[in-house]
Amino acid sequence: MVISFVSLGKPQTKGGLNAKYHPASGKTALWYPPQVARAAKVIADEAAKTMKEKGYPVIEGRCVCRLKFFLKPTKTGRLIGDLDKLARLVFDALTGVVWADDGWVQTLTASKEPVETNYAGIEMGLERTEVYVSLAGLA
């Protein structure tokens with residue numbers, strides 16, 4: 001069983017929550033920025049489509065995950081986004097869709113790559129996230 005798909009769009013990190021204290025109620029509201037929710041939905045939808053097309057059930061066993069995040073570099077060549085926070089968003093988006101719990105992931109390989117450019121330095125590729133998941137022992 002191998003699941004492989006590409007999610008187009010700028011990879012997002014899942015960092016800290018936003019918080020706002022409401023003095024009247026004495027409660028604090030917590031939420032993730034809207035772009036985080038949108039990015040997670042795009043990944044989850046693409047994963048669900050792939051799982052349905054292949055007729056695969058949700059994984060409830062050890063598996064291996066490989067993630068590649070393609071990002072536009074800054075002028076200094078840096079690829080923005082902490083790798084662990086990029087992976088966290090994908091893991092949360094795939095929970096309940098590809099695997100029952102991300103605790104089943106035995107091995108994770110993740111990398112940040114610059115978007116492809118041509119010989120003149122013009123960007124030819126799209127920002128995207130490539131996801132590959134297989135049962136442990138099949139990678």
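1. Helices here are DSSP runs of at least four residues, numbered from the N terminus. The model is predicted. By that assignment H1 covers residues 34–54. Gly55 follows H1, and its phi is positive, near 70 degrees.

2. The length of H1 checks out. Its 21 residues, at 1.5 Å a residue, should span 30 Å, and the end C-alpha atoms lie 31 Å apart, which agrees.

3. H1 has a buried set: Val36, Ala39, Ile43, Ala44, Ala47, Thr50 and Met51. These residues cover an arc of only 130 degrees around the axis, which puts them on the same side of H1. An α-helix has 3.6 residues a turn, so residues three or four places apart point the same way.

4. What do the buried residues of H1 pack against? Their partners are strand E1 (2–8) and helix H2 (83–94). On the other side of H1, Arg38, Lys41, Lys52 and Glu53 are exposed.

5. Glu127 deserves a separate look. It sits in the loop between strand E5 (105–114) and strand E6 (128–135). Glu127 is buried, yet has no salt bridge. The nearest side chain of opposite charge is that of Lys72, 4.7 Å away.

6. The backbone of Lys72 does reach Glu127. Its nitrogen lies 3.0 Å from a polar atom of the Glu127 side chain. Leaving aside neighbours within four places in sequence, Glu127 is in contact with Leu8, Gly9, Lys10, Pro11, Phe70, Leu71, Lys72 and Val115.

Methods: Residues are numbered from 1 along each chain as its sequence is written. This is a predicted model: local features need pLDDT of at least 70, side-chain atom pairs count only at pLDDT 80 or more; totals for chains, interfaces and linings use all residues. Side-chain values use heavy atoms; hydrogens and water are left out. Helices (H or I, at least four residues) and strands (E, at least two) are DSSP runs, numbered from the N terminus. The expected span of a helix is 1.5 Å times one less than its number of residues. Buried means under 20% relative accessible area, exposed over 50%, partly exposed in between (1.4 Å probe, protein chains only). The arc is that of the directions from the helix axis to the C-beta atoms. Contact means heavy atoms within 4.5 Å. Lys and Arg count as positive and Asp and Glu as negative; His and the chain ends are not counted. A salt bridge is a side-chain nitrogen of Lys or Arg within 4 Å of a carboxyl oxygen of Asp or Glu. A polar contact is a pair of N or O atoms within 3.5 Å; within protein, one must be able to donate a hydrogen and the other to accept it, and residues adjacent in sequence count only if both atoms are side-chain atoms.
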